[in-house]
Amino acid sequence: MILANLFAAEDVDPARSIHWLWPEQAELIYGSIASLLIFGALFKFAGPAVKKAMAERSESIQSDLDESAAAKAEAEAEAAGIRQAAGDIDAERQRLFADADAQAEAVLVDGRARLEQEVAELEARAAADIASASGRVNDELRAEITRLSHSATEQLLSSGVIDDATQQDLIESFISRVGAS
(Lines give C-alpha, C1' and ligand atoms only; values in the text may rest on other atoms or scores of the structure.)
Protein backbone atom coordinates (compact mmCIF):
# COMPACT_ATOMS: atom_id res chain seq x y z
CA MET A 1 0.00 0.00 0.00
CA ILE A 2 2.84 2.27 0.81
CA LEU A 3 4.51 1.31 -2.44
CA ALA A 4 1.33 1.94 -4.42
CA ASN A 5 1.07 5.35 -2.93
CA LEU A 6 4.73 5.98 -3.59
CA PHE A 7 4.32 5.15 -7.31
CA ALA A 8 1.04 6.99 -7.59
CA ALA A 9 2.54 10.12 -6.17
CA GLU A 10 5.34 10.29 -8.69
CA ASP A 11 4.98 11.71 -12.12
CA VAL A 12 4.14 9.03 -14.66
CA ASP A 13 6.68 8.56 -17.47
CA PRO A 14 4.89 7.60 -20.73
CA ALA A 15 7.80 5.26 -21.64
CA ARG A 16 7.31 3.41 -18.42
CA SER A 17 4.37 1.40 -17.30
CA ILE A 18 1.96 2.45 -14.71
CA HIS A 19 2.44 -0.61 -12.58
CA TRP A 20 5.85 -1.70 -11.40
CA LEU A 21 5.13 -5.43 -12.21
CA TRP A 22 2.70 -5.43 -15.12
CA PRO A 23 3.24 -3.76 -18.53
CA GLU A 24 0.52 -1.71 -20.13
CA GLN A 25 -2.44 -3.60 -21.37
CA ALA A 26 -1.75 -3.33 -25.12
CA GLU A 27 1.87 -4.32 -24.65
CA LEU A 28 0.73 -7.26 -22.59
CA ILE A 29 -1.69 -8.39 -25.29
CA TYR A 30 0.74 -7.96 -28.23
CA GLY A 31 3.61 -9.42 -26.29
CA SER A 32 1.53 -12.41 -25.25
CA ILE A 33 0.34 -13.03 -28.82
CA ALA A 34 3.90 -12.69 -30.16
CA SER A 35 5.18 -15.04 -27.51
CA LEU A 36 2.44 -17.57 -28.29
CA LEU A 37 3.27 -17.35 -32.00
CA ILE A 38 6.99 -17.88 -31.35
CA PHE A 39 6.38 -20.74 -28.95
CA GLY A 40 3.89 -22.27 -31.37
CA ALA A 41 6.36 -21.96 -34.27
CA LEU A 42 9.10 -23.45 -32.11
CA PHE A 43 6.81 -26.27 -31.06
CA LYS A 44 5.70 -26.94 -34.63
CA PHE A 45 9.03 -26.65 -36.43
CA ALA A 46 11.68 -27.39 -33.84
CA GLY A 47 9.58 -29.81 -31.79
CA PRO A 48 9.96 -32.81 -34.17
CA ALA A 49 13.71 -32.25 -34.44
CA VAL A 50 14.00 -32.01 -30.66
CA LYS A 51 11.76 -35.04 -30.28
CA LYS A 52 13.81 -36.96 -32.85
CA ALA A 53 17.09 -35.95 -31.16
CA MET A 54 15.73 -37.04 -27.79
CA ALA A 55 14.55 -40.35 -29.26
CA GLU A 56 17.97 -40.93 -30.85
CA ARG A 57 19.68 -40.10 -27.59
CA SER A 58 17.38 -42.46 -25.71
CA GLU A 59 18.01 -45.12 -28.32
CA SER A 60 21.78 -44.56 -28.07
CA ILE A 61 21.68 -44.81 -24.30
CA GLN A 62 19.55 -47.97 -24.51
CA SER A 63 21.98 -49.43 -27.04
CA ASP A 64 24.91 -48.68 -24.72
CA LEU A 65 23.02 -50.28 -21.83
CA ASP A 66 22.27 -53.36 -23.93
CA GLU A 67 25.91 -53.63 -25.06
CA SER A 68 27.15 -53.29 -21.50
CA ALA A 69 24.69 -55.97 -20.35
CA ALA A 70 25.86 -58.27 -23.15
CA ALA A 71 29.51 -57.56 -22.32
CA LYS A 72 28.82 -58.29 -18.66
CA ALA A 73 27.12 -61.58 -19.52
CA GLU A 74 30.00 -62.50 -21.81
CA ALA A 75 32.56 -61.62 -19.13
CA GLU A 76 30.68 -63.72 -16.57
CA ALA A 77 30.57 -66.65 -18.99
CA GLU A 78 34.28 -66.27 -19.67
CA ALA A 79 35.00 -66.08 -15.94
CA ALA A 80 32.98 -69.26 -15.42
CA GLY A 81 34.95 -70.90 -18.24
CA ILE A 82 38.23 -69.83 -16.67
CA ARG A 83 37.12 -71.15 -13.27
CA GLN A 84 36.12 -74.44 -14.89
CA ALA A 85 39.41 -74.56 -16.80
CA ALA A 86 41.29 -74.02 -13.55
CA GLY A 87 39.51 -77.11 -12.22
CA ASP A 88 40.34 -78.93 -15.44
CA ILE A 89 43.99 -77.92 -15.10
CA ASP A 90 44.24 -79.93 -11.89
CA ALA A 91 42.63 -82.93 -13.58
CA GLU A 92 44.87 -82.47 -16.64
CA ARG A 93 47.96 -82.24 -14.42
CA GLN A 94 46.99 -85.49 -12.67
CA ARG A 95 46.40 -87.16 -16.04
CA LEU A 96 49.80 -85.94 -17.32
CA PHE A 97 51.53 -87.23 -14.18
CA ALA A 98 49.84 -90.61 -14.60
CA ASP A 99 50.88 -90.71 -18.28
CA ALA A 100 54.45 -89.77 -17.36
CA ASP A 101 54.55 -92.51 -14.71
CA ALA A 102 53.22 -95.07 -17.19
CA GLN A 103 55.75 -94.01 -19.82
CA ALA A 104 58.59 -94.12 -17.28
CA GLU A 105 57.53 -97.62 -16.21
CA ALA A 106 57.36 -98.73 -19.86
CA VAL A 107 60.81 -97.26 -20.57
CA LEU A 108 62.17 -98.99 -17.45
CA VAL A 109 60.69 -102.36 -18.43
CA ASP A 110 61.94 -101.95 -22.00
CA GLY A 111 65.41 -100.98 -20.77
CA ARG A 112 65.55 -103.97 -18.46
CA ALA A 113 64.49 -106.30 -21.29
CA ARG A 114 67.12 -104.85 -23.65
CA LEU A 115 69.76 -105.07 -20.93
CA GLU A 116 68.92 -108.70 -20.23
CA GLN A 117 69.03 -109.43 -23.97
CA GLU A 118 72.41 -107.70 -24.30
CA VAL A 119 73.76 -109.61 -21.30
CA ALA A 120 72.55 -112.88 -22.82
CA GLU A 121 74.18 -111.97 -26.15
CA LEU A 122 77.44 -111.06 -24.39
CA GLU A 123 77.37 -114.31 -22.43
CA ALA A 124 76.78 -116.29 -25.63
CA ARG A 125 79.58 -114.40 -27.41
CA ALA A 126 81.90 -114.96 -24.43
CA ALA A 127 81.06 -118.67 -24.41
CA ALA A 128 81.76 -118.85 -28.15
CA ASP A 129 85.04 -116.99 -27.66
CA ILE A 130 86.01 -119.36 -24.84
CA ALA A 131 85.14 -122.38 -26.96
CA SER A 132 87.09 -120.94 -29.88
CA ALA A 133 90.09 -120.15 -27.69
CA SER A 134 89.91 -123.60 -26.11
CA GLY A 135 89.91 -125.29 -29.52
CA ARG A 136 92.75 -123.07 -30.71
CA VAL A 137 94.80 -123.80 -27.57
CA ASN A 138 94.09 -127.51 -27.91
CA ASP A 139 95.20 -127.40 -31.54
CA GLU A 140 98.35 -125.48 -30.64
CA LEU A 141 99.05 -127.87 -27.78
CA ARG A 142 98.51 -130.85 -30.04
CA ALA A 143 100.82 -129.35 -32.65
CA GLU A 144 103.47 -128.64 -30.04
CA ILE A 145 103.20 -132.14 -28.61
CA THR A 146 103.40 -133.60 -32.08
CA ARG A 147 106.45 -131.50 -32.84
CA LEU A 148 108.12 -132.49 -29.54
CA SER A 149 107.27 -136.17 -29.95
CA HIS A 150 108.54 -136.10 -33.51
CA SER A 151 111.75 -134.51 -32.32
CA ALA A 152 112.13 -137.07 -29.51
CA THR A 153 111.40 -139.91 -31.87
CA GLU A 154 113.97 -138.72 -34.36
CA GLN A 155 116.55 -138.49 -31.62
CA LEU A 156 115.73 -142.02 -30.45
CA LEU A 157 115.77 -143.37 -33.97
CA SER A 158 119.02 -141.72 -34.78
CA SER A 159 120.59 -143.29 -31.69
CA GLY A 160 119.21 -146.79 -32.74
CA VAL A 161 117.60 -147.66 -29.40
CA ILE A 162 113.98 -148.26 -30.71
CA ASP A 163 112.96 -150.12 -33.88
CA ASP A 164 110.50 -148.57 -36.40
CA ALA A 165 107.39 -150.57 -35.34
CA THR A 166 107.81 -149.79 -31.62
CA GLN A 167 108.49 -146.22 -32.52
CA GLN A 168 105.26 -145.98 -34.55
CA ASP A 169 103.21 -147.62 -31.76
CA LEU A 170 104.56 -145.17 -29.20
CA ILE A 171 103.69 -142.21 -31.41
CA GLU A 172 100.14 -143.42 -32.08
CA SER A 173 99.57 -144.22 -28.42
CA PHE A 174 100.78 -140.85 -27.36
CA ILE A 175 98.67 -138.98 -29.90
CA SER A 176 95.55 -140.88 -28.95
CA ARG A 177 96.04 -140.10 -25.26
CA VAL A 178 96.62 -136.42 -25.93
CA GLY A 179 93.61 -136.29 -28.26
CA ALA A 180 91.42 -137.95 -25.63
CA SER A 181 92.27 -135.37 -23.01
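The model is a predicted one. Asp99 is partly exposed, at a relative accessible area of 33%. Arg95 is partly exposed too, at 41%.

Glu92 and Arg95 are three residues apart in helix 2, so about one helical turn separates them. Glu92 has 35% relative accessibility and counts as partly exposed.

I then moved along to Arg142. Which residue does Arg142 pair with in a salt bridge? I found Asp139, with the closest N and O atoms 3.8 Å apart. The cut-off for a salt bridge is 4 Å, so this pair counts. Arg142 and Asp139 are three residues apart in helix 2, hence about one helical turn. Arg142 is partly exposed at 37%, and Asp139 is partly exposed at 47%. I noted six salt bridges in the structure.

**Two more residues**

I looked up Ser149, also in helix 2. Buried or exposed? Ser149 is buried, with a relative accessible area of 15%. Buried means under 20%, so Ser149 qualifies. Its side chain reaches the backbone oxygen of Thr146 at 3.0 Å.

Gln25 lies in helix 2, which covers residues 25-159. Gln25 is exposed, with a relative accessible area of 63%. I took its C-alpha separation from Arg142: 163 Å in space, for 117 residues in sequence.

**Whole chain**

I listed the elements: three helices and zero strands. From the N terminus they run α-α-α. The radius of gyration is 66 Å, well over the 16 Å that the globule rule gives for 181 residues, so the chain is more spread out than a compact globule. I read the C-alpha trace along its principal axes as about 195 × 40 × 30 Å.

How much of the chain counts as buried? I noted 3% of the 181 residues. The chain exposes about 15,600 Å², and carbon and sulfur atoms supply 62% of that area. Last, I compared the charges: the mean positions of the 16 positive and 33 negative ones are 4 Å apart.

Note on methods
Residues numbered from 1 in each chain as written. Predicted model: local features only at pLDDT ≥ 70, side-chain atom pairs only at ≥ 80, totals over all residues. Heavy atoms only, no water. Helix = DSSP H or I, 4+ residues; strand = E, 2+ residues; numbered from the N terminus. Buried < 20%, exposed > 50% of the residue type's maximum accessible area, 1.4 Å probe, protein only. Rg over C-alpha atoms; globule rule 2.2 N^0.38 Å. Areas by Shrake-Rupley, 256 points an atom, 1.4 Å probe, with all protein chains shown as cover. Lys, Arg positive; Asp, Glu negative; His and termini not counted. Charge placed at Lys NZ, Arg CZ, Asp CG, Glu CD. Polar contact = N/O pair within 3.5 Å; in protein donor to acceptor, adjacent residues only side chain to side chain. Salt bridge = Lys/Arg side-chain N within 4 Å of Asp/Glu carboxyl O.
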